[in-house]
Amino acid sequence: MNPALNDLWPYLVLVLVGFLPNEVWRALGLVLARGLNEQSEIVVWSRAVATAILAGVIAKLIVFASGDLANIPLALRVGAAACGFVAFLAVKRSVFVGVAVGEAVLIAGGFWLMH
Amino acid sequence: MSTTAARHYQSSSAAFVGGVKAAFSTVFVLVMTGTFIGIGALAHGYGFSASWLTVSTVVVWAGPAQIILIAALGSGGSMIEAAIAVTLSGVRLFPMVVSVLPLLRGKGTRTVDLLLPSHFMAVTTWMESLRLLPHLPRDERIPFCNGMGSGYMATSVVAGLVGFYLAASLPPLFAGGLLFITPMAFLCMTTRGARALLQRLALVLGLAIEPILMHFHVGLDLMWTGVGAGSFAYLVHRIREASR
C-alpha cells in the first residue's frame, strides 16, 4: 500500500465504521422528523437493543480489559465496579460518587496487591 | 411551549455565546470531562493516535458509539462488526433528533441550518436542549444550540487529549485507573437512564451475556448481545403489557 494511503486508512475506517453508521440516524431524524414518536414500538425496541449493546461494552471493558487495566486482577476489577455501583445507588444515584468509590477501591486494591 | 423569552440576546452571535456559557454552567461539563478523559485513555490503550481520537470525537460525537468503535476496532474485531455495533448504538439518536427539531424549527428555517444542531444531538445536548430551548425566542434557539454543542465538544476534545497523554505518562496502576473511568461512569449513567423495567432488563442481560459470548469466542459478540438481550427484554415487556 502506498504510504499516503497508509496514513489515511485509520481515518477512512473512522468515517466508514464510526461516522456514517452513527450519523445516518441523525440524518434520518432530520428527514423524517414527523411520523414517528418516542412511544412507537420500533423506537422502544431499538432503545432496548442500544441499552443492551452499551451494557455489553461495559462488561467487555471490565472483564476483558485492555492496556494497563488488564494488569489489575479480574476479581479486583469486578469488585471495584460492584463497590462503585453500590455507592452510586446508595448516594442519590450520583455518577460522581460511583466513579470515585469504584476508582478508590481499584487503586487501593492495586496498591495492596503490589506491596 | 412558550415563545416569550426569559432571556433575550441582542444578536445570534450573542445567543451562540449564551449557549457556550450554558454548557459550562451545569454539572454535565464535569461528567463529560471525566468521561472523555476515560475515552482518551482508552484510545491510547488500544493504540490509536491523538489526532485520530480528536477527529473521532468531533465526527462521531456520541460517547457510547465512540467507545464501541475504539473497543471493537482496537480488540481486532472486523469492520463490519464495529459498524453494526455503532449503528445499533446510534439508533437512540433518531428519537432525540425527532423530538428536538420541533423546538428548533421556525417558519423560515432552512434544513441546512438544522444540520449542525442535529449533529450536536447526543444525550447531554438533547437533555439540555429540551430543558433550555423552550425559554428562548425561536430565532435564537439554533445559534444557542450550536453554542452549547460547541462548548461541550470543545470540552470533550480537550479532556480526551488530557486522558490520552495522562495514560501515556502515568504509572501503570493509575493509567489502569483511567481506563476504569469509562465503564464505571457508563454503568452508573446507563442505570440512571434506565427507568423502565425494559431498559433495566436489557442492561442486566447485556452485562451477563457479553462475557459469556466473549469467553466462547463467538463472533459479532456485541451485535448478538444487543439484539439478543434487547429483544428478550422487549418480549418480556410486551408480555407484561399484554397481561395487564
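Which hand, left or right, does the crossing of α3(B) and α4(B) have? The tour below reaches that crossing after a view of each chain.

**Before starting**

The model is predicted: local features need pLDDT of at least 70, side-chain atom pairs count only at pLDDT 80 or more, and totals for chains, interfaces and linings use all residues. Residues are numbered from 1 along each chain as its sequence is written, while chains are lettered from A and ligands numbered from 1 in the order in which they are written.

**Stop 1: chain A**

Four helices and zero strands are present in chain A, and the pattern along its sequence is α-α-α-α. Here helices (H or I, at least four residues) and strands (E, at least two) are DSSP runs, numbered from the N terminus. The radius of gyration of chain A is 20 Å, well over the 13 Å that the globule rule gives for 115 residues, so chain A is more spread out than a compact globule. That radius is taken over C-alpha atoms, and the globule rule is 2.2 Å times the number of residues to the power 0.38. A box of roughly 55 × 50 × 20 Å, taken along the principal axes, is filled by the C-alpha atoms of chain A.

Of the 115 residues in chain A, 39% are buried. A residue is buried if 20 or more other C-beta atoms lie within 10 Å of its own, exposed if 12 or fewer, and partly exposed in between, with C-beta atoms placed from the backbone. Among contacts in chain A between residues at least 6 apart in sequence, those that join residues at least 24 apart make up 28%. Two residues are in contact if their C-beta atoms, placed from the backbone, lie within 7 Å.

**Stop 2: A:Phe88**

Next, select A:Phe88, which lies in helix α3 (residues 74–90) of chain A. A:Phe88 has 26 other C-beta atoms within 10 Å and is therefore buried.

**Stop 3: where the chains meet**

Now display both chains. The contact draws 61 residues from chain A and 79 residues from chain B. On the side of chain B that touches chain A, helix α10 (residues 172–193) of chain B gives the most, with 18 residues. That side of chain B divides into 55 nonpolar, 21 polar and three charged residues. Ala, Val, Leu, Ile, Met, Phe, Trp, Tyr, Cys and Pro count as nonpolar, Asp, Glu, Lys and Arg as charged, and the others, Gly among them, as polar.

**Stop 4: chain B as a whole**

Chain B has twelve helices and zero strands. The C-alpha atoms of chain B fill a box of roughly 60 × 55 × 30 Å, taken along the principal axes. Buried residues account for 51% of the 244 residues in chain B. Of the contacts in chain B with a separation of 6 or more, 77% are between residues 24 or more positions apart.

**Stop 5: helices α3 and α4 of chain B**

Select residues 50–60 (helix α3) and 63–74 (helix α4) of chain B, which pack at an angle of about 140° with their axes 9 Å apart. This makes α3(B) oblique to α4(B). Angles under 35 degrees count as roughly parallel, over 145 as roughly antiparallel, 65 to 115 as roughly perpendicular and the rest as oblique. Axes are lines fitted to C-alpha atoms, for helices over the stretch in contact, and angles run from 0 to 180 degrees between N-to-C directions.

The opening question is answered here: the crossing of α3(B) and α4(B) is right-handed. A crossing is left-handed if the near helix is turned anticlockwise from the far one by less than a right angle, and right-handed if clockwise. To see the contact, show B:Ser56, B:Thr57 and B:Val60 in α3(B) against B:Ala65, B:Gln66 and B:Leu69 in α4(B).

Then select B:Trp61, in the loop between α3 and α4 of chain B. The phi of B:Trp61 is near 50°, a positive value in a residue other than glycine. B:Trp61 counts as buried, with 23 C-beta neighbours inside 10 Å.
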